[in-house]
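Please keep the model open while reading.

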Amino acid sequence: MFNRIKNRVLTVVAPDQPALPAGPGHQAYGGGGTAGSRTGSANRDYDAAGGGGGGGKRLPKKFQYARPPFLQLLTYDELKASADHNVRPIIVPRDISLLPWSTGYAECVNSGKSKWNEDQAAFHRQVLSHPSRQYHDLPYTYFGIYDGHAGYGAALAAANQFHYILHEKLVDVIDLLMPRVEGDGGGLALHATLPHPSLFHKQVSKDELIVGALEAAFADMDAVLAEDRDKYRNAGGCTALVALFILGKLFVANAGDSRGVLCKRVRRRKLLPVYHRAERNGTGEKEEEEEEEEKKEEKGEGGEDEYEVVAEPCSFDHTPDTERSRLLTVGKHNPALLGGEYIAMEYAKKPTTKDLGARILYRQGAMKGWTYKTLTATDLKIPLITGVGKRSRLLGTIGVTRGFGDHDLKALGSNLPIKPFLSAHPDVVCFDLAQVRSEPADENSDGEYGILVMATDGLWDVSESQQVANTVFGTLKRFPAERHRYTMVAQELVARSRGRANESGHWRLSDSRAAATVDDISVIVIPVHQYYQEYRAWTQTVAARNRVRSAAAKEVAAVPEAAVAREQPGAPGADLSSESSESEPPEEAQEAENNLNTINVPPAAGKPSAPLGLADALPAK
């Protein structure tokens with residue numbers, strides 16, 4: 001009895017919204033409840049949060065509930081076991097080869113807030129290929145993590161559809177992202193800005209094209225959920241955190257309170273004291289000691305004290321507290337959205353009826369500072385934003401302000417729509433991996449390029465970014481040669497934030513008596529350096545192909561005029577020379593036809609080991 005009451009209370013105070021109660025139209029696992037359904041009606045309710053839209057009509061499901069495909073949980077019994085709220089098992093992939101670069105993943109279900117794990121994760125490796133074969137194939141890899149609330153429908157739809165939308169957006173700009181294959185007109189070098197700025201009124205960089213593709217994909221995914229709400233049961237909404245590896249760069253796009261952190265282990269910079277530097281020219285012994293220390297640093301023998309672990313943020317949480325300025329501005333300019341029940345102001349002190357007629361500090365809209373006003377009865381309405389930090393709420397209802405879905409969400413106790421205040425627009429951060437200074441001798445590639453940790457708020461509610469970074473490299477140090485080391489990192493992060501259940505059934509952190517997270521937890525751990533190695537091999541292959549094409553073009557251009565004259569004796573010499581320079585190399589059509597995914601082609605022997613940028617890989621104008 002107590003546990004049921006506890007779960008009810010946790011459902012109310014948890015940051016995410018609870019699953020919608022099961023209605024009479026909800027069916028069991030398999031969705032049918034009819035004789036033709038795969039599992040029949042004997043199973044328990046499988047879609048407690050499956051409503052939404054359709055005006056109460058019985059709507060079909062667009063996607064059957066499942067965990068990420070790379071976990072290979074294929075039966076209902078396996079899904080049910082993974083959602084055991086008493087044990088909260090930590091689920092990891094059975095076969096890590098299904099994920100690229102030995103990427104790690106782990107998850108566990110909530111402690112009873114909702115029946116099923118409402119988080120979802122996805123990854124896809126794709127190649128952008130232009131139909132005309134005028135461009136090199138461009139490989140990229142995408143990871144996504146989605147935290148659902150008020151049901152799993154929106155997160156499940158995003159995990160199954162977002163990569164298609166993103167691919168379409170990237171295909172739209174493929175001819176601007178990559179130069180043409182070398183041919184008659186010569187190749188186009190890949191620069192930071194587009195090769196033909198005269199066609200535009202403004203300079204447009206390739207980074208901006210990729211950022212624009214991500215932003216447009218987020219908007220379209222939200223639009224798809226809006227269109228589907230009257231056709232399918234896609235209940236609730238979800239946050240979205242996406243990582244895109246393309247052209248030797250890492251793009252992280254976030255809408256919501258999931259978080260991405262690039263964990264790095266970098267060498268400390270030692271500054272000698274002034275007196276030490278002054279003594280440097282004194283004795284040869286001092287100089288020898290310092291030279292030995294410098295040699296140790298170069299060889300990576302300085303010990304663990306020579307390095308420090310840092311957590312570089314890749315995203316920023318979107319909550320009512322962090323987005324006060326935007327939300328108050330929306331409310332100020334659209335008072336009809338407040339329904340006469342709320343007020344788009346923030347007060348330095350909570351006003352009461354005793355304060356009527358007195359002066360009170362307030363701010364509204366985009367104000368960063370405070371000013372005075374005389375308190376009136378209108379100011380006693382409910383503030384648009386209540387609470388602070390993770391406990392802040394918009395219209396007293398929702399604790400996250402960006403993401404997908406929530407098109408039918410209403411404010412608690414009223415019929416006011418919340419969607420006008422929400423946004424699907426992501427913040428996008430870009431990391432240029434070619435700028436990383438790597439020292440191969442110290443074997444610290446993971447530290448220099450970083451380990452990208454993507455996780456839902458179940459991890460971040462009880463863990464700081466720096467704590468996570470320390471755990472990442474602490475675990476990697478314990479298992480330096482283990483093939484599953486990144487999976488073990490993800491498992492360790494989930495285990496620490498989940499904690500242990502005490503005798504009363506409360507989950508507590510293992511290293512303290514503090515409460516552990518009661519939310520779903522999903523963690524992806526990506527070794528960034530392994531992607532960059534793959535990218536270097538691709539650039540070398542592209543460079544080798546272009547060198548072959550350039551050599552073929554030169555051979556054709558060097559055909560003696562006399563030989564051409566023998567083939568066409570009636571034509572003037574000037575015309576023959578013109579025709580020979582305009583003829584296509586015989587290998588051109590075959591090379592374009594065989595332009596395959598270059599990731600799997602090893603670099604040619606004898607090529608330099610230094611990384612090649614695309615500007616080096618492709619011929620100059």
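Asp 379 forms a salt bridge with Lys 373, with the closest N and O atoms 2.8 Å apart. Here a salt bridge is a side-chain nitrogen of Lys or Arg within 4 Å of a carboxyl oxygen of Asp or Glu. Asp 379 is buried, at a relative accessible area of 2%. Buried means under 20% relative accessible area, exposed over 50%, and partly exposed in between (1.4 Å probe, protein chains only).

The model is predicted: local features need pLDDT of at least 70, side-chain atom pairs count only at pLDDT 80 or more, and totals for chains, interfaces and linings use all residues. Residues are numbered from 1 along each chain as its sequence is written, and side-chain values use heavy atoms, leaving out hydrogens and water.

**Salt bridges**

The structure holds 24 salt bridges.

| Asp 379 | Lys 373 | 2.8 Å |

What does the pair of Lys 390 and Asp 257 tie together? Lys 390 lies in the loop between strand S13 (385-386) and strand S14 (393-394), and Asp 257 in the loop between strand S5 (249-255) and strand S6 (259-267), so the pair ties together parts that are 133 residues apart in sequence. Helices (H or I, at least four residues) and strands (E, at least two) are DSSP runs, numbered from the N terminus. Lys 390 is partly exposed at 30% relative accessibility. Asp 257 is buried at 3%.

Asp 446 and Arg 485 are both buried. Elsewhere, salt bridges that share partners join Asp 257, Lys 390, Asp 457 and Asp 461 into one network.

**Helix H12**

Helix H12 covers residues 485-498. For the 14 residues of H12 that gives 20 Å, and the end C-alpha atoms are 20 Å apart, which agrees. Buried residues of H12 include Arg 485, Tyr 486, Val 489, Leu 493 and Arg 498. Gly 499 follows H12 and has a positive phi, near 75°.

**Surface and cysteines**

Leu 361, Trp 370 and Tyr 372 make a nonpolar surface patch of about 280 Å². Patches are made of residues with over 30% relative accessible area and no salt bridge; like charges are joined within 9 Å, nonpolar side chains (Val, Leu, Ile, Met, Phe, Trp, Tyr) within 5 Å. Trp 370 is placed in the loop between strand S10 (359-363) and strand S11 (371-374). Trp 370 is partly exposed, at 37%.

A search of the whole structure finds zero disulfides, a disulfide being a pair of cysteine sulfur atoms within 2.5 Å. Cys 108 is buried at 1% relative accessibility. Cys 430 is partly exposed at 33%.

**The whole chain**

The protein chain has 17 helices and 20 strands. Of its 621 residues, 47% count as buried. The chain exposes about 30,400 Å², with carbon and sulfur atoms supplying 52% of that area. Accessible areas come from the Shrake-Rupley method with a 1.4 Å probe; for residues, only the protein chains shown count as cover.

Terms used: The expected span of a helix is 1.5 Å times one less than its number of residues.
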